[in-house]
Each structure stands twice: as structure tokens, then as C-alpha cells.
Amino acid sequence: MYKILLVLAITVVAMAGCKEKPGKGEPGANLLDSRCGRCHPMGVKKAHTTKEEWRQTVARMMGKGAVLNEGEKDVVVDFLVKYYHP
Ligand code: HEC
């Protein structure tokens, strides 16, 4: 029984890995998934070039209901600047 569960768990992890999201496994990717994914299930599209633009967008999203503390906000903004640009 334990072995079956283990195989199942590995399969699920392997399947999740196929989605090819940028920066997978980084703290920013997890925050993006858990805090932004609620309203952007397909992932955030590539949008802005500069850090300032991302900062404003993330602040606007927090106004809509994205839950991030100041530290998490910085992590997400840095992550977006790194991976989500045109
Ligand atoms: C409560 C729901 C909600 C959450 C949570 C949320 N968004 Fe949004 N987001 C929206 C809606 C609705 C729009 C479209 C209307 C708009 O652009 O104001 C949008 C639009 C956007 C856009 C396109 C508009 C632009 O200015 O480029 C980006 C990029 C974006 N969101 C990123 C994020 C990120 C990053 C997070 C996490 C920090 C996030 N969103 C969390 C609801 C949400």
C-alpha cells in the first residue's frame, strides 16, 4: 500500500513538472501560484518591462484582493521582473 502511494505521489509531482512555468521552484513562483493564481489560473501573462511597472501592477492587484505582505511583495515583483517581460 505504501509503495502504491509513493508511486502515485511521484507521478503527480512529475506531471506537475510538465507545465513548464518559468522560474519553477523559486519562492516567487510559489507566491505567484498561491496568491495570484486564484484569479489568474493560466498564469500571469508576460506584461511589463520595468520594476516600477510591476510594482504598480502588483499594488493594484493587492487592491483587488491579492494577499502579500511587504516582504512577499518584493519577492513577487523581483520574480516578475526577472521572468515576465515582453
Ligand atoms: C482578486 C483577483 C486577483 C488577484 C488575486 C490578482 N489579480 Fe491580476 N488581475 C485581476 C483582474 C480582474 C484583472 C483585469 C483587470 C485589470 O487589469 O485591472 C487583472 C489583471 C492583471 C494583469 C494585466 C494588467 C496589467 O496591468 O498588465 C496582470 C499582469 C496581473 N493582473 C498580475 C497579477 C499578479 C502578479 C498578481 C499577484 C500579485 C495578481 N494579478 C493577483 C484580478 C486579480
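Biologist: Which elements make up the protein chain, and in what order do they run from the N terminus?

Modeller: The model is a predicted one. The protein chain has four helices and zero strands, and from the N terminus on its elements run α-α-α-α.

Biologist: How much of the chain counts as buried, and what share of its contacts joins residues 24 or more positions apart?

Modeller: Burial is read from the number of neighbouring C-beta atoms, with 20 or more inside 10 Å as the cut-off. Of the 86 residues of the protein chain, 13% count as buried. Among contacts with a separation of 6 or more, 69% come from residues 24 or more positions apart.

Biologist: Which residues of α4 are buried, and where do they fall around the axis?

Modeller: An α-helix has 3.6 residues a turn, so residues three or four places apart point the same way. In α4 the buried residues are V76, V77, F79 and L80. Seen down the axis of α4, these residues fall within an arc of 165°, so they line one face of the helix. They pack against α2 and α3. The face turned away from the buried side carries the exposed residues E70 and G71.

Biologist: Which residues of α2 are buried, and what arc do they cover?

Modeller: The buried residues of α2 are G28, L32 and R35. Their arc around the axis is only 95°, which puts them on the same side of α2. What covers these buried residues includes α4.

Biologist: Which residues form the largest nonpolar core, and which elements give two or more residues to it?

Modeller: A core of this kind joins buried nonpolar residues through their C-beta atoms. The largest one has eight residues: L32, W54, V58, V76, V77, F79, L80 and Y84. The elements that give two or more residues to this core are α3 and α4, and α4 gives the most, with four.

Biologist: With which residues is V76 in contact, leaving aside its neighbours within four places in sequence?

Modeller: With those neighbours left aside, V76 is in contact with G28, L31, L32, V58 and L68. Two of these contacts, L32 and V58, are listed with V76 in the largest nonpolar core.

Biologist: Where does Y84 lie, and why does it count as buried or exposed?

Modeller: Y84 lies in the segment after α4. Because Y84 has 20 C-beta neighbours inside 10 Å, it counts as buried. Outside the four places on either side in sequence, Y84 is in contact with V44, K46 and A47. Y84 and V44 are 40 residues apart in sequence, yet their C-alpha atoms are 7.9 Å apart.

Biologist: Where is the place of P22, and how many other C-beta atoms are within 10 Å of it?

Modeller: P22 has its place in the loop between α1 (2-16) and α2. With 14 other C-beta atoms within 10 Å, P22 is partly exposed. The C-alpha atoms of P22 and K82 are separated by 9.5 Å, although these residues are 60 residues apart along the chain. D74, in helix α4, also counts as partly exposed, with 14 C-beta neighbours inside 10 Å. Between the C-alpha atoms of D74 and R55, 19 residues apart along the chain, the separation is 8.3 Å.

Biologist: Which residues come nearest to the ligand, and which elements give two or more residues to the shell around it?

Modeller: Of the 16 residues around the ligand, C36, C39, M61, G65 and A66 come nearest. The elements that give two or more residues to the shell are α2 (27-36), α3 (51-64) and α4 (70-83). Among them, α3 gives the most, with four residues. By class, the shell around the ligand has 10 nonpolar, three polar and three charged residues.

Note on methods:
Residues are numbered from 1 along each chain as its sequence is written. This is a predicted model: local features need pLDDT of at least 70, side-chain atom pairs count only at pLDDT 80 or more; totals for chains, interfaces and linings use all residues. A residue is near a molecule or strand if its C-beta atom, placed from the backbone, lies within 6 Å of it. Ala, Val, Leu, Ile, Met, Phe, Trp, Tyr, Cys and Pro count as nonpolar, Asp, Glu, Lys and Arg as charged, and the others, Gly among them, as polar. A nonpolar core is a set of buried Ala, Val, Leu, Ile, Met, Phe, Trp, Tyr and Cys residues joined through C-beta atoms within 7 Å. A residue is buried if 20 or more other C-beta atoms lie within 10 Å of its own, exposed if 12 or fewer, and partly exposed in between; C-beta atoms are placed from the backbone. Two residues are in contact if their C-beta atoms, placed from the backbone, lie within 7 Å. The arc is that of the directions from the helix axis to the C-beta atoms.
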